[in-house]
Amino acid sequence: MRAGRLPEPFGRFVDRAEAQTFTFEGRAHPALAGDTVASALMAAGVTTLSRSFKYHRRRGVLTMAGQDANTLVQLADEPNALADVVPVSEGLAVGGQNYSGSLGNDRAALLERLAPFMPVGFYYKAFYKPKGAWKLWEGVVRRLTGLGRVNAEAPHGYYDKMYLFCDVAVVGGGPAGLSAAIEAAAAGAEVMLFDDQPAPGGALNYARFDAAGERAGRVRDELVRAAKNHPRLKVYTGAVAEALYEDNWLAVVHGNRLYKVRAHTVVVAAGAFEQPMVFRNNDLPGIMLGSAAQRLMRLYAVAPGRRAVVATANDHGYGVALDLLDAGIEVAAVADLRPDPPSSEMKDAALARGLRVVAGHTVFEGLGKKRVAGVRMAEITGQGECRGASFTVDCDLVCVSVGYAPTAALLCHAGAKLAYDEATATLRPDRIPPGMHVAGAVGGAHDLDAVIAEGRFAGWAAAAAGGFDGRAEPKFPNGRGDVGVNHPWPIFPHPKGKEFVDFDEDLVVADIENAVADGFEEIELLKRYSTSGMGPSQGRQSALATVRLAARARGRPPAEMGTTTVRPPALPETFGVLAGRSFNPERLTPAHHRHVEAGARMMVAGLWWRPAFYGPPERRDECIVEEATAVRANVAIIDVSTLGGIEVRGADAAEFMNRMYTFAYKKQQVGRGRYALMTDPSGAIVDDGVACRFAEDHYYVTATTGGADGVYQNMLWYNAQWRLAVDISNVTAAWCGVNIAGPKSRHVLSRITRDVDLSAEAFPYMGVRHGTVAGIPVRLLRVGFVGELGYEIHAPAAFGEVLWDALVEAGREAGIRPFGVEAQRLLRLEKGHIIIGQDTDGLTHPHEAEMGWAVSGKKPFFVGKRAIEIQTARPITRRLVGFALANGSGPLPEECHLTVRAGEIVGRVTSVVRSPALGRVIGLAYVAPDQAEVGSTFHIKGPGGRLIAAEVVPVPFYDPDNQRQEL
Amino acid sequence: MDGQVARPPRRSFIYRELEAAGARFVAVGDAEVAAHYAGDDETQALSSLGIADLSPLPRTGFKGDGAVDWLAAQGIAIGEASNHAVRQADGALAAKLAPGEVLVLDGLGEGEAICARLDAAWTPVASAFWPVPRRDGAFWFLVTGEHAATMFAKVCGVDLRPDKFSNHAVAQTSVARTNAIVVRDDLGAVPAFHLLGDSASARYMWHCLADAAREFGGRPVGLEAVRSLIR
């Protein structure tokens, strides 16, 4: 049927002057600007929006508030969009999802016939027997599960994040929220109000608060005007408060932006969501919450049907009936669940307009196939019992108003608990954390005067908590209108079932009862076993009924059942919001662009980008060998700016170094460098570098690229306790570094260095000097990580590129070339130098790694000393040895391949490479101590589990007498 | 080639990005600075949202016991409170980062080269305080205009709005997940913030700011435009 559009003042959100067209399932439909997909479809007479997850039942509008899974639809680039939230735009293409065939004729609906074989928890019991059955079932199950299609070709959207700061943040733009915000702003606080709807007003936009239907609009206009005119109050509409974290960190999603709101105090006035009634076929399209029908009419000018039945247990249902009448919709009957409904302004007005009210009755069964065509009504004879006479009423719309549950997710995120309150038959937020205030329906108040008064009080209290306490305390209301709104048992099991408790998961009354009977009595276990509340709507429409049913099945009051844990986000949010525009810092060396220009393949090293090698990827191995050969035979340069640089300065500098590192430093001469090995309190190796003594009270210490920040923090942490007279500065970024290495390195460097004598006698191995290179003030370190004559040149970062250029130019005649990290790794392995973190792990102590030579036994203390002494006194369990392969022609072992003996793991390979200088495969590996003697053999479990024999050989592999680096 | 060649000029850590944005460089002391950009009037952007790269310009720092007293003896005015900056007579800015640590930024006009004087005056003999190589260790950007604080809210968790973060206030915080120092230093009536952070992350930060500034029409501005507001 076509319901069409209602005349004004219906349709508060739509602009009748702007017509639009969109498609649903390939068919064009008209819409108005301001429509949601769901409202436009309802206006077009389309009532089936989706298919249910399990049985593929037709589903239509339920809440019209983005609170349920019935309206999940497919957009071109986004699955699982909420049709009652997504605005229509010209040309928008929308489709159904989770069907086989078509939305109107879903072949998968046959699954419902198998329902008797799919009781609650069946998937925990089925599919796994006999052994191996899951392999067969997996494909079937995977095809049937999941909702919507991800478009991997969808263009990337722009998502970002922004902080907002305010004294008071108010969540909810209804009468309570608006009142709170206005009061707090009036007190002098800076206030931000967040509402998820297109316009503020909340229930005042659609609900009926008096018989004449006039008050809501009047109150709304007054509040909205006051809010918009206040200079200290900013209203954000279309802003979904998703989460509340510690210290009032409020996450608000607004379009493609995540606002990170930092508020001194937070007022939660998020309202309540209406609850469905449980009866047979209560999920038929056309059966919806009373508030959903009101939203369709008041917000979108859509008549939700022609002939309605209202099922209610409170005044709100009569307000719905009056609205329907105002819209020209026939109300066939009002089923009032209460046996003797009290007189009220709203009910009396409904009776005065000739409504047929059937007290003590309920809708017992929905009739119809594609949408509701009628209901069977029955007399209520006990809690959930309808054993009396029944009769049918023809209708195409059923509106249900039997109570609410609080929109309390944010409160729960902050630590509040939901507790069932017998007096009001609802869940109430309890144990509200400090710094938070609650107002309105979320706390159970439904009387409009009480809601406004609570809002004012909460706003006043929130402002006062922030020091804005100049205004008189508003009077807190006495009555709240919280009793008699929720019916205590709007659940009516049917002999034939299909009374849905959880629409998302197609769970019926028997499923909850059977879950309890299966022993899953506690609410958290019940949730996981039955999946009640685990669907997209996260139990917003099922939690209350589940608690009631489980309580009855256990013979306990609902108040003793508790509720499940509520976690962020409060409503579904997109991956774009979660992932969008995160900050990923990256660091570049000063000569970075020179590497790129030279054809370097860049690799990530911590936050840094470093050249892996220079050349095309398909020539990777050749390039690495060529670079390594240049270092061994000629001259080459590598950018080592990423090495950590830490200044240790002060009268106690030597004492500090002595405590932080394993070697001895007090007698280290000025102008000399010394290897620096750092261990942690457990004796494990954590970093290494070179300690350069430039003055009695000044060390410049290098650290590994990945370890520099940790070393620096370590130093600060220890000296905060030691209180030595020393200053520690991390100058990693302030100094760039270039290592020039190779037999011709002295010759090349001497071409642009005049104030430092580079001769072996004047500047021996491990010497350190100040000087200038190409006019740039530098620190020169004669070190030899790659085992050749070489110099590390450390210069102020601003001159990094100029220094690189100068070295390239000075070495052009000699055939200088750059080399990357991969060649450096190869070269250092030939020298047997370890890389911390690669050749060590989190437990490696120096003696295992054959680094005992770097540990001073004479010092009274260094970090890790006691642990190393203990470890040394015990039998060692593994040793790092150098190895060579007898046969290097087969598949090579790789790093982390295991070393094994008689089927037992004894260690692992840490480094392995085919050495161009040695012409064989060499590596480092952990082996059992009795395998560590030179000449011993051990086995590596290589590719495919093949055992590869390796021989322990002396280290260094290359230039064992270190003659080349000490030239 | 020999060791007596003149020291090359200092260039920005991001001079390539600046070139790509149309920067024209001028020599300022020992540095080359982006003076202006091709295109529209930069003074408009300065008032709305402008980002200037001042990285090549002089700045220095000292830390340790006695640093504050020594700087005072050198004629540098330093306030009592940490996280507050004091304008010097010649236009420089001295920001006290901690009881024993001070950051000094040279003035943006043509005043005395105060950082060079301080660096030259410091001697290691018997010093209990030490220079911090701010000029090489940190980039130096200046973010100006009425949208500056709002733009910062996209990259920084500190409330930098004018009524919350007073002129010459200092925040040592995280900007776009990197450590940074923010100093508010208005250019007359135009809100302005110095931003200093890890020099190796300069390009990363420049792009972060450019991205954050886009919705406000923010753009790079040169030193000449900045100076026009000082004169």
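Trainee: Which residues does E224(B) touch, not counting residues up to four places away in sequence?

Mentor: In this predicted model, E224(B) is found in helix α8 (residues 223-230) of chain B. Once residues up to four places away in sequence are left out, the partners that E224(B) touches are A35(B) and H36(B).

Trainee: Is E224(B) buried, partly exposed or exposed?

Mentor: A residue counts as buried if 20 or more other C-beta atoms lie within 10 Å of its own, and as exposed if 12 or fewer do. E224(B) has 17 other C-beta atoms within 10 Å, and is therefore partly exposed.

Trainee: How far apart are the C-alpha atoms of E224(B) and F129(B)?

Mentor: Along the chain, E224(B) and F129(B) are 95 residues apart.

Trainee: Turning to the contact between the chains, which element gives the most to the side of chain A that touches chain B?

Mentor: The contact takes 34 residues from chain A and 33 residues from chain B. On the side of chain A, the elements that give two or more residues are β8 (160-171), β36 (727-730) and α20 (800-811). With 5 residues, the element that gives the most is β8(A).

Trainee: How do the residues of the side of chain A that touches chain B divide by class?

Mentor: Chain A contributes 34 residues to this contact. By class, they divide into 6 polar, 9 charged and 19 nonpolar.

Trainee: What span should the 12 residues of helix α13 (residues 543-554) of chain A have?

Mentor: The buried residues of α13(A) are A543(A), L544(A), A545(A), T546(A), V547(A), R548(A), L549(A) and A550(A), and what covers them includes β23, β24, β25, β27, α11 and α12 of chain A. Just after α13(A), G555(A) takes a positive phi of about 70 degrees. As for the span, the end C-alpha atoms of α13(A) are 16 Å apart, which agrees with the value that 1.5 Å a residue should give, namely 16 Å.

Trainee: Which residues of α12(A) make the contact with α11(A)?

Mentor: The crossing of α11(A) and α12(A) is right-handed. From α11(A), the contact is made by D511(A), I512(A), A515(A) and V516(A), and from α12(A) by L526(A), Y529(A) and S530(A).

Trainee: Is the crossing in which α6(A) passes α7(A) left-handed or right-handed?

Mentor: Helix α6 (residues 290-300) and helix α7 (residues 315-326) of chain A pack at an angle of about 30 degrees, with their axes 10 Å apart. That makes α6(A) roughly parallel to α7(A). Their contact brings G290(A), A293(A), Q294(A) and M297(A) in α6(A) to H316(A), G317(A), V320(A), D323(A) and L324(A) in α7(A). The crossing in which α6(A) passes α7(A) is left-handed.

Technical notes:
Residues are numbered from 1 along each chain as its sequence is written. Chains are lettered from A and ligands numbered from 1 in the order in which they are written. This is a predicted model: local features need pLDDT of at least 70, side-chain atom pairs count only at pLDDT 80 or more; totals for chains, interfaces and linings use all residues. Axes are lines fitted to C-alpha atoms, for helices over the stretch in contact, and angles run from 0 to 180 degrees between N-to-C directions. Helices (H or I, at least four residues) and strands (E, at least two) are DSSP runs, numbered from the N terminus. Angles under 35 degrees count as roughly parallel, over 145 as roughly antiparallel, 65 to 115 as roughly perpendicular and the rest as oblique. A crossing is left-handed if the near helix is turned anticlockwise from the far one by less than a right angle, and right-handed if clockwise. Two residues are in contact if their C-beta atoms, placed from the backbone, lie within 7 Å. Ala, Val, Leu, Ile, Met, Phe, Trp, Tyr, Cys and Pro count as nonpolar, Asp, Glu, Lys and Arg as charged, and the others, Gly among them, as polar. The expected span of a helix is 1.5 Å times one less than its number of residues.
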